[in-house]
Amino acid sequence: MTSDLAATTTPEAFDAVDVIRVKRDHGTLSDAQIDWVIDAYTRGVVAEEQMAALNMAILLNGMDRAEIARWTAAMIASGERMDFSGLSRPTSDKHSTGGVGDKITLPLAPLVAVFGVAVPQLSGRGLGHTGGTLDKLESIPGWRAALTNDEMMAQLESVGAVICQAGSGLAPADRKLYALRDVTGTVEAIPLIASSIMSKKIAEGTGALVLDVKVGSGAFMKDVDSARELARTMVDLGTDAGVRTVALITDMSTPLGLTAGNALEVRESVEVLAGGGPRDVVDLTVALAVEMLAGAGRQVGEDEVRAVLGDGRAMDVWRAMITAQGGDVDAPLPVATETHQVLAPSDGVLTRLDALDVGVAAWRLGAGRARREDVVQAGAGVEIHAKPGDRVAAGQPILTLHTDTPERFARALESAESAITVEVTPAASTPTPLILDRLA
Ligand code: URA
């Protein structure tokens with residue numbers, strides 16, 4: 001509701017209902033209307049229900065390129081902008097649109113820093129079935145997500161990589177808007193996703209940006225055409241704002257790697273930093289590192305990047321990065337108290353391991369939260385023992401479910417069991433490539 005005080009003391013430039021009607025009737029919002037509606041919503045003058053109606057109109061009727069650019073600029077203008085120009089190294093960042101088992105940021109940030117490029121990773125917590133980078137790192141005893149801007153700058157200069165919580169001053173309009181979209185069925189609108197992600201990345205002040213746009217059951221975008229449209233929109237927003245931006249479109253029909261869950265994913269990331277780890281996690285980490293380095297003006301080949309995972313240099317930066325934020329890199333990671341195995345129903349080939357179902361199982365086990373205020377279990381999640389294309393025998397473990405609260409097993413099992421398809425005589429098929437496209 002428009003506040004009585006605001007209505008009597010401050011003449012507003014527009015009426016929220018008129019702005020909603022423009023979009024409802026397939027019109028184009030003017031720059032002034034966009035600037036006003038974002039500012040007035042942040043000030044509490046445009047009511048939640050009015051913004052919800054406008055979001056739904058945007059989801060249904062879309063926005064053109066100029067509207068999306070202005071909406072993004074208005075969200076950036078709602079808060080502070082960071083400035084890394086004083087650093088002695090160039091900056092490059094990565095953003096993933098979110099998936100199941102997506103722990104890539106953890107090995108990637110230290111890996112890129114080895115080559116003299118600073119990585120300022122402002123990350124978030126998980127909501128729903130996709131994990132959050134901060135939740136994963138918080139399973140390391142002592143690790144602290146909240147840094148001041150000065151601490152962040154100092155760590156970028158000394159270590160070269162920082163993964164921390166975005167301060168509340170960065171694009172505050174997005175914080176409010178995202179919480180509203182989450183409860184009004186309006187997360188999936190491409191203009192709203194693109195402006196939400198890019199307002200934070202542009203305000204963060206990175207020089208280069210690589211977007212990992214996920215596609216498949218475990219991602220926001222379920223088909224490649226929508227993922228391409230989202231990627232194109234974000235690359236254009238970044239480029240127009242002077243950030244060297246590229247996007248990879250990557251498969252999220254099955255989980256990345258062999259773990260989904262906070263401490264489980266940290267353990268797997270450390271294996272990658274030690275030169276091992278699952279092939280898909282290593283390949284995507286290396287591909288994204290090559291792109292991040294190129295964006296920062298460093299042409300480094302894949303083999304050279306891969307070698308740094310094997311020779312201990314990325315591990316050294318990881319240790320320094322975690323220690324600088326109070327984490328004890330040598331402390332044992334939390335382990336859940338209870339486990340339960342999901343077995344192959346028959347002999348055959350595992351033809352499907354569905355990302356969304358595995359993500360929902362991990363979430364139901366306690367790895368994720370249903371409401372922002374929920375506490376996550378560090379040890380909860382799903383361990384994967386077979387991937388699509390693998391031959392399996394009846395009774396062989398396919399998944400191990402982990403939780404501290406065994407009463408969660410029943411609901412998690414419903415999802416875990418429906419994640420799996422084993423076929424005795426599968427039709428010949430070519431495996432889906434991990435990287436489906438690249439846009440610049
Ligand atoms: N991540 C964001 O930051 N915003 C979105 O809208 C979707 C994913």
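How far from an oxygen atom of the ligand does a polar side-chain atom of Arg 181 lie? The answer is 2.9 Å, and that counts as a polar contact (a pair of N or O atoms within 3.5 Å; within protein, one must be able to donate a hydrogen and the other to accept it, and residues adjacent in sequence count only if both atoms are side-chain atoms).

A quick word on the ground rules. This is a predicted model, where local features need pLDDT of at least 70 and side-chain atom pairs count only at pLDDT 80 or more, while totals for chains, interfaces and linings use all residues. Residues are numbered from 1 along each chain as its sequence is written, and side-chain values use heavy atoms, with hydrogens and water left out.

**Around the ligand**

| Residue | Ligand atom | Distance |
|---|---|---|
| Arg 181 | oxygen | 2.9 Å |
| Ser 196 | nitrogen | 2.6 Å |
| Lys 200 | oxygen | 2.4 Å |

Taken alone, the ligand exposes 240 Å², and the protein buries 89% of that (areas by the Shrake-Rupley method with a 1.4 Å probe; for residues, only the protein chains shown count as cover). The residues around the ligand are Tyr 178, Arg 181, Ile 193, Ser 196, Ile 197, Lys 200 and Phe 220, each with a heavy atom within 4 Å of it. Helices α9 (172-182) and α10 (190-204) each supply at least two residues of this shell; the largest share, 4 residues, comes from α10. Helices here are DSSP runs (H or I, at least four residues), numbered from the N terminus.

**Val 19**

Over to Val 19, which you'll find in helix α2 (residues 16-24). Is Val 19 buried or exposed? Val 19 is buried, because its relative accessible area is 1%, and buried means under 20% (1.4 Å probe, protein chains only). Leaving aside residues up to four places away in sequence, Val 19 touches Phe 14, Leu 29, Gln 33, Trp 36, Val 37 and Leu 54, where a contact means heavy atoms within 4.5 Å. Val 19 and Glu 338 are 319 residues apart in sequence and 53 Å apart in space, C-alpha to C-alpha.

**Gln 50**

Gln 50 belongs to helix α4 (residues 48-61). Gln 50 counts as buried too, because its relative accessible area is 15%. The side chain of Gln 50 reaches the backbone nitrogen of Ala 47 at 3.0 Å. From Gln 50 to Met 75 there are 25 residues in sequence and 17 Å in space, C-alpha to C-alpha.

Definitions and conventions:
Buried < 20%, exposed > 50% of the residue type's maximum accessible area, 1.4 Å probe, protein only.
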